[in-house]
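Hi,

Here is the structure I promised to pass on. Have a look at it first, then read my notes below.

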Amino acid sequence: MSSTGITVKAPNGKEISFDTGLFINNEFVKGSSSETLTSIDPATEEAICSVEVATAADVDTAVAAARAAFANPAWRDLTPEQRAQLLHKAADLVEAHKEDLFALQALDVGKPFPSSMASEGPHKVGCLRYYAGWADKLHGQTIPISKDKFGYTLRQPLGVCAAITPWNYPLTNAAWKLGPALATGNCVIMKPSEYTPLSALYLAKLFREAGYPPGVVQVLNGHGKSTGEALVAHPGVDKVAFTGSTATGQRILKQAAGQMKKTSIEAGGKSAFLVFDDANLEQAAKWAIVGGFSNAGQVCSANSRILVQKGVQQQFLDIFSRMAKASKVGMPFDAATTQGPQASKMQYDKIMGYI
């Protein structure tokens, strides 16, 4: 049964239409339970809308659709050049609809809309085009064994990939995972963070419009401990790509190990920013602000520690403080805003607990 499409209005006046269902086999459908997730605007703490939640049964349905798509000649037999063309088409559509995508991300995450669209927009489109360019350049090897014998290798797609993305950069992480998997002929089931489900749903309809066959790209919303774990544990999933917390990454590795399942895990960090006494302190402070305050500090590679040589400690601190005070914390759609809210009440409470 198809779910109901909705239209939301962003504070900049933009009306954005998308569907709130699970995206399975190129259709938006209701979940098999009555449970929904409510997306909250972190700037106002008001509900934006509710989306369907995938149960373990819905995961089974999506995996079956992905496995059928992987065996379907309509996807399996595409040449590398044809896969590249599809990914370029998806990039064209993302570029054409970037205002809607980044308005949804601003509503969902609280990112400043003008700056994130200007910085992330070209990166996301460029990422898809980059991997489209690799589609016909991944070759096997011919290996001489003796005078009259040789061996050869052939690169083949893995199969069904689960892509679990975080709430801090929903669109960028989607591109990082969809691009390489699709360029190499895999099928992808994406589970966005339960805090930021909206932009992934909009992306799903763009990939369908680009011409991807049913089951090749699917999106399942839900909680990590139910939907996410069902995906990771499913025997029909060949690879898990995860970006998120270290604790969740460790759980995924333990789950995947039992099935010898391939994984790629990008977890949290505690990056240091080093300032020596021969540095250009204005430049050092500028980039320390960028590295620490971007996306309200919600970055896995943020320079969350600044180590300064004693001789210039006070001078650096004075410059850094002046620049920090010039940051404008405000509403995401205000052009003057350089830093929006934390992405969720949970994040806000965690940070206030540190302070």
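Below is what turned up, going from the whole protein to single residues.

First, the ground rules: this is a predicted model, where local features need pLDDT of at least 70, side-chain atom pairs count only at pLDDT 80 or more, and totals for chains, interfaces and linings use all residues. Residues are numbered from 1 along each chain as its sequence is written, and side-chain values use heavy atoms, with hydrogens and water left out.

**The whole protein**

The protein has 12 helices and 15 strands (DSSP runs numbered from the N terminus: H or I with at least four residues for helices, E with at least two for strands). Its C-alpha trace spans about 70 × 60 × 40 Å along the principal axes. Of the 355 residues, 47% count as buried (buried is under 20% relative accessible area, exposed over 50%, partly exposed in between, with a 1.4 Å probe and protein chains only).

Helix 4 (residues 98-109) and helix 5 (residues 113-134) have axes that come within 10 Å and cross at roughly 125° (axes are lines fitted to C-alpha atoms over the stretch in contact, and angles run from 0 to 180 degrees between N-to-C directions). That makes helix 4 oblique to helix 5 (under 35 degrees is roughly parallel, over 145 roughly antiparallel, 65 to 115 roughly perpendicular, and the rest oblique). Residues in the contact (heavy atoms within 4.5 Å) include Phe102 and Ala106 of helix 4 and Phe113 and Met117 of helix 5.

**A strand residue**

Ile6 lies in strand 1 (residues 5-9) and is partly exposed, with a relative accessible area of 24%. Leaving out residues up to four places away in sequence, Ile6 touches Ile16, Ser17, Phe18, Thr20 and Cys49.

Most residues other than glycine have a negative phi. Glu45, however, has a positive phi near 60°. Glu45 sits in the loop between strand 5 (36-41) and strand 6 (46-52), and at 57% relative accessibility Glu45 counts as exposed. Asn295 also isn't a glycine, yet has a positive phi of about 50°. Asn295 is in the loop between helix 10 (281-293) and strand 15 (305-308), and is buried, at 13% relative accessible area.

Cheers
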